[in-house]
Amino acid sequence: MLREELKVILEIQEFDIQMIRLMRLKRDREGELERIRSLREDLSNQVVNKENDVIELKKQIRLSEGDVQDLKGRVQKLENQQSGVKKVEEFNALTQEISTLEREKAAKEQRLSDFYDKQAAEEDLLKNLKSAFDSTKSNSEQLEKEIHSSILAINEEGAQFKKQRDEVRKKANADIFKIYEKLLKNKKDRVVVPIENRCCSGCHILVTAQHENLVRKGDKLVFCEHCSRIHFWQEHVVEEAQESTTRRRRRPSAKV
Ligand SMILES: [Zn+2]
C-alpha cells in the first residue's frame, strides 16, 4: 500500500536529513581547520621572509663597512703622501683629492648608520613575528585538537545514522526509493512533504483542490507541479508513524 511505502521513505528521509546536517557541519569544521592552517602558514612565511631581510641587510652592512675602511685607508695614504710634498700645487691637489674622499666617506658612513638603524628595526619586527607565530602555533594546536575530535564525533554519529538508515532501506519499495534518492540529491532537503493549508510544504506554492484530492486518496505518487517533491497526506502517516516509533522504542526494553 502506498501510504505504508511512503512511511518507510519518510523514515529514511529523516536519517538522510540528519546526515546532510552532519555533512554540512563537518564541512564547516574542516573549513575552520583550513583557515587555522593558512593563518599559521602565513605567519611562518612572514618569519622566513623577515629572516631573509635581516640576512640580506647584514651582507650590505659588511660591504658598506668594507667601503668605509677602504676610504679611510686611501685618505690615510694621501695624507702621508702629502706630508712629504714640497710643491704648493701638488699639496693643493692632494688636499682637493683628500676632501673628495672625505665627502665620499661621510656619505658612506651615513648610509652605514642608516643600515644599522634599519637592522635594529628589522630585528625587532622579527622578534615580534616569531613570538606571534609561537603563540598562534600553541593556541591553534589546541583548537585543532578540539576540531579534530568534534569531526570524529560527527563521523561516529553519521555512521550510526547510516547504519539505521541502511536497515530501514531494506524495507523500502525499490521504485519509490529510486525517485526519492534522485530528488534528494537535487534538493539536499526534505523531498517527501505534506500538504499544509492547501500548500506544498516544500515550496509553499498553493495546490489545486483536485491535486489535494489525489494526494488524499493516496492511490499513486503525486508530485508537486512546482518543485517536483512527492506529496503525502499528513493524517495518513502521522498517527500510525507515531505509534510505530513508540513500538520501536519499546522493543529493546521488551527484550530485557
Ligand atoms: Zn512544491
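**Note on salt bridges, sheet, zinc site and domains**

1. Asp53 has a relative accessible area of 35% and so counts as partly exposed, where buried means under 20% relative accessible area, exposed over 50% and partly exposed in between (1.4 Å probe, protein chains only). The model is predicted, so local features need pLDDT of at least 70 and side-chain atom pairs count only at pLDDT 80 or more, while totals for chains, interfaces and linings use all residues. Residues are numbered from 1 along each chain as its sequence is written, and side-chain values use heavy atoms, with hydrogens and water left out.

2. Asp53 meets Lys50 in a salt bridge with an N to O distance of 3.5 Å, the term standing for a side-chain nitrogen of Lys or Arg within 4 Å of a carboxyl oxygen of Asp or Glu. Both residues belong to helix H1 and are 3 residues apart, about one turn of the helix; helices (H or I, at least four residues) and strands (E, at least two) are DSSP runs, numbered from the N terminus. Lys50 counts as buried, at 15% relative accessibility.

3. Lys50 has a further salt-bridge partner in Glu122, with the closest N and O atoms 3.2 Å apart. Because Glu122 lies in helix H2 (residues 88-169) and Lys50 in helix H1, this pair ties together parts that are 72 residues apart in sequence. Glu122 and Lys50 are both buried.

4. Glu14 lies in helix H1 (residues 2-83), whereas Arg190 lies in the loop between helix H3 (174-187) and strand S1 (192-196), so the pair ties together parts that are 176 residues apart in sequence. Glu14 is partly exposed, its relative accessible area being 32%, and Arg190 also counts as partly exposed, at 34%.

5. An open sheet is formed by 4 strands in the order S2-S1-S4-S3, with mixed pairing, two strands being taken to pair if DSSP finds at least two bridges between them. Strand S2 (199-200) and strand S3 (222-223) are the edge strands, each pairing on one side only. S1 and strand S4 (residues 230-232) run parallel and are joined by 3 bridges; Val192 has Ile230 as its bridge partner in S4.

6. The zinc ion is coordinated by the SG atoms of Cys200, Cys203, Cys224 and Cys227, at 2.2 to 2.3 Å; donors are N, O and S atoms within 2.8 Å of the metal (3.2 Å for Na, K and Ca), and water is not among the atoms, so sites may look incomplete. The angles among the 4 donor atoms are 105 to 114 degrees, making the site tetrahedral, a label given to four donors if all angles lie between 85 and 135 degrees. Along the chain the donors follow the spacing C-x2-C-x20-C-x2-C. Cys200 lies in strand S2 and Cys224 in the loop between S3 and S4, so this pair ties together parts that are 24 residues apart in sequence. Cys200 and Cys224 are both buried.

7. The chain is divided into domain 1 (2-169) and domain 2 (191-255), with bounds that come from an automatic or database domain assignment. The C-alpha centres of domain 1 and domain 2 lie 59 Å apart. In contact (heavy atoms within 4.5 Å) are 9 residues of domain 1 and 14 residues of domain 2.

Notes: Four donors count as tetrahedral if all angles lie between 85 and 135 degrees; four count as square planar and six as octahedral if opposite donors are over 155 degrees apart and all others between 65 and 115; anything else is irregular.
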